[in-house]
Amino acid sequence: MHRTVLSIFFLLWVLSPGMARAEDDVLTRFRDWFSGIGKPKPPVEEDLGARNTFTINPLALSHSQLGIEYERAFGRGFSLYVAPEFAYGRTPETWSLGLSGTLGIRLFVLGTAPSGIYFGPELSANYQLRSQDRVRRRGIGVGLGGSVGWTLVLFNRFTLAAGFSAQYRSIPDLESPAGEGALRVEIVPTPRLAFGVAF
């Protein structure tokens, strides 16, 4: 009997700090809940997944474009992208260099940027330099167009994209006898079947 009473007291002595801590924890939680009544909840940061993509579009090569693109999403339905272009050619008598780039906006009507169905405008600029018989000619042109398409981001790591863009471009014509400043205007269609990474 004496040994049983001692065992019960020992057990209560061991468990009492844990019970006190549990009681304090419940009281603390209730006090925090009560003090938060009527106060706005702190904003919860929403995980929107990958926000950047880097893609390659092999179909652009048929239109003398590099086909590399970087896209950055802002919010759920808006992104900006930039696509640089580069061309260089050389023969024994001449060489030519072309630098250009496209800057565009994508507005997503379905999905969360950069994944979903989109449309948007784009603007391009191009610079060309040509040297023939040690005579250099240069020119600058601009373009305006739009794009529509669909992008799929897989596992927040990989991206596939399909779409189409078309630009109305003024392109420097450095072979024209009119000299520097001569431009030719043309519509540049670019189908898009791209793949790359998302991060």
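**Notebook: cavity lining and salt bridges**

I sorted the lining of the largest cavity by residue class and got eleven nonpolar, eight polar and six charged residues. The model I am working from is a predicted one.

**Entry 1, the cavity.** I searched the whole structure for cavities of 30 Å³ or more and found one. Its volume comes to about 280 Å³. I then asked which residues of the lining are the closest to the centre of this cavity. Of the 25 lining residues, they are Gln65, Glu69, Ala83, Ser165 and Thr190.

I next looked up which elements give two or more residues to the lining. They are strands E2 (68–74), E3 (78–90), E4 (94–112), E5 (115–132), E6 (135–154), E7 (158–172) and E8 (183–198). Strand E7 supplies the largest share, with five residues.

I turned to charged pairs and noted that the structure holds five salt bridges. I wrote down three of them in detail.

The side chains of Arg106 and Glu71 form one, at 3.0 Å from N to O. This pair ties together distant parts of the chain, since Arg106 sits in strand E4 and Glu71 in strand E2, 35 residues apart. I checked burial for the two partners, and both Arg106 and Glu71 are buried.

Arg169 and Glu85 also meet through their side chains, at 3.2 Å from N to O. Are Arg169 and Glu85 buried or exposed? Arg169 has a relative accessible area of 8%, so I list Arg169 as buried. Glu85 is at 11% relative accessibility and therefore counts as buried.

Glu186 is at 31%, so Glu186 goes down as partly exposed. Arg184 is at 37% and is therefore partly exposed. The cut-offs I applied are under 20% for buried and over 50% for exposed, with partly exposed in between.

I asked which residues are linked in a network of salt bridges. The members are Glu69, Glu71, Arg106 and Arg192. The Arg106 and Glu71 contact at 3.0 Å was already in my notes. Glu69 was also there, as one of the residues closest to the centre of the largest cavity.

How values were computed. Residues are numbered from 1 along each chain as its sequence is written. This is a predicted model: local features need pLDDT of at least 70, side-chain atom pairs count only at pLDDT 80 or more; totals for chains, interfaces and linings use all residues. Side-chain values use heavy atoms; hydrogens and water are left out. On a 1 Å grid over the protein atoms alone, a cavity is a set of points where a 1.4 Å probe fits but cannot get out, and a pocket is an open set with protein on both sides within 12 Å along at least five of seven lines; lining residues have an atom within 4 Å of a point. Grid points are joined across faces, edges and corners, and a volume is the space filled by probe spheres set on the points. Helices (H or I, at least four residues) and strands (E, at least two) are DSSP runs, numbered from the N terminus. Ala, Val, Leu, Ile, Met, Phe, Trp, Tyr, Cys and Pro count as nonpolar, Asp, Glu, Lys and Arg as charged, and the others, Gly among them, as polar. A salt bridge is a side-chain nitrogen of Lys or Arg within 4 Å of a carboxyl oxygen of Asp or Glu. Buried means under 20% relative accessible area, exposed over 50%, partly exposed in between (1.4 Å probe, protein chains only).
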